[in-house]
Amino acid sequence: LDLSTASYLSKRCSKLSHIRFRGSMAVSAIIKLESKELKQLNGDCSRDLTDAALSMLVAKHGQLERVQLGPDCERITSDAIQVVALCCPKLKSLRLMGVRDIDGDAIGALARHCSDLMEIGFLDCAVVDENSLSLATNLRFLSLAGLRTKTVHQKIFIQFPQKGIFI
């Protein structure tokens, strides 16, 4: 999907509910779409996806319930995760792969603004603030597979003893 095609299709995609894209070039085109009912966003090969692009994308499509991006989201920071939390209050599932650092402010924003959030997957991330995960009380699924810091494991099991946890 390129910009000219997106512009042509934008009026015809008002009922689009799911988008799967590959590469950061498609993000610009998705931002142009006028799909007010977009609920699910899946992005593959998001290596060049930036905070600014992700922020614009979620600001335009605030009805998102599921966001899955990766692998290699190394240019995404906690700042963009906070924007996701603010712009997508109906978010139920967030799965990000390859983010370098997810701080307590980002997790706190998700817990405060996304009351329906039941699934978090921070896969192959370098650092996740494990103390803030206890703020996300509605979680039914938590995956920290590939987490590069190993001190989190025992704390997570104590905080979420009966949830589906994958580390």
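Start by selecting arginine 100, which sits in the loop between β4 and β5 (101-102); helices here are DSSP runs of H or I with at least four residues, strands are runs of E with at least two, and both are numbered from the N terminus. At 52% relative accessibility, arginine 100 counts as exposed, where exposed means over 50% relative accessible area, buried under 20%, and partly exposed in between (1.4 Å probe, protein chains only). Now show its surroundings: leaving aside neighbours within four places in sequence, arginine 100 is in contact with Glu74, Ala126 and Val127, a contact being heavy atoms within 4.5 Å. Draw a distance from arginine 100 to valine 127 and you get 6.2 Å between the C-alpha atoms, although the two are 27 residues apart along the chain.

Before moving on, a word on what is loaded. This is a predicted model, with residues numbered from 1 along each chain as its sequence is written. Local features need pLDDT of at least 70, side-chain atom pairs count only at pLDDT 80 or more, totals for chains, interfaces and linings use all residues, and side-chain values use heavy atoms, with hydrogens and water left out.

Colour by pLDDT next, the predictor's confidence in each residue from 0 to 100. The chain has a mean pLDDT of 85, and 83% of its residues reach 70 or more. Which element has the lowest mean pLDDT, and which the highest? Helix α6 (residues 152-159) has the lowest at 54, and helix α4 (residues 78-87) has the highest at 98. Zoomed out, the secondary structure comes to 6 helices and 9 strands. Of the 167 residues, 46% count as buried. Among contacts with a separation of 6 or more, 58% are between residues 24 or more positions apart.

**Stop: strand β4**

Select serine 93, in strand β4 (residues 93-97). Buried or exposed? Serine 93 counts as buried, at 5% relative accessibility. Not counting residues up to four places away in sequence, serine 93 touches Glu65, Arg66, Val67, Leu117 and Glu119.

Two packed helices are described by the angle between their axes and the distance between the axes. Show helix α2 (residues 25-32) with helix α3 (residues 51-60): their axes come within 9 Å and cross at roughly 25°. Axes are lines fitted to C-alpha atoms, for helices over the stretch in contact, and angles run from 0 to 180 degrees between N-to-C directions. α2 and α3 are therefore roughly parallel to each other; that label covers angles under 35 degrees, with over 145 being roughly antiparallel, 65 to 115 roughly perpendicular and the rest oblique. For side chains, pick Val27, Ile30, Ile31 and Lys32 of α2 against Ala53, Met56, Leu57 and Lys60 of α3. By class, this contact has 6 nonpolar, no polar and 2 charged residues (Ala, Val, Leu, Ile, Met, Phe, Trp, Tyr, Cys and Pro count as nonpolar, Asp, Glu, Lys and Arg as charged, and the others, Gly among them, as polar).

Asp51, Leu54, Ser55, Val58 and Ala59 in α3 meet Asp79, Ala80, Val83, Val84 and Cys87 in α4. The residues of that contact divide into 7 nonpolar, 1 polar and 2 charged.

Which residues of α3 are buried? They are Asp51, Ala53, Leu54, Ser55, Leu57 and Val58. Their cover includes α2, β2 (40-44), β3 (66-70) and α4.

Within α4, click on alanine 85. Alanine 85 is buried, with a relative accessible area of 0%. Leaving out residues up to four places away in sequence, alanine 85 touches Ala109, Leu110, His113 and Cys114.

Most residues other than glycine have a negative phi, and most peptide bonds are trans. Go to the loop between β3 and α4, where you will find proline 71. The peptide bond from glycine 70 to proline 71 is cis, with omega near -5°. Aspartate 72 is also in the loop between β3 and α4, and has a positive phi of about 65° although it is not a glycine. Aspartate 72 counts as partly exposed, at 28% relative accessibility.

Finish at aspartate 124, in the loop between β6 (119-123) and β7 (127-128). Aspartate 124 has a positive phi of about 55° and is partly exposed, with a relative accessible area of 42%.
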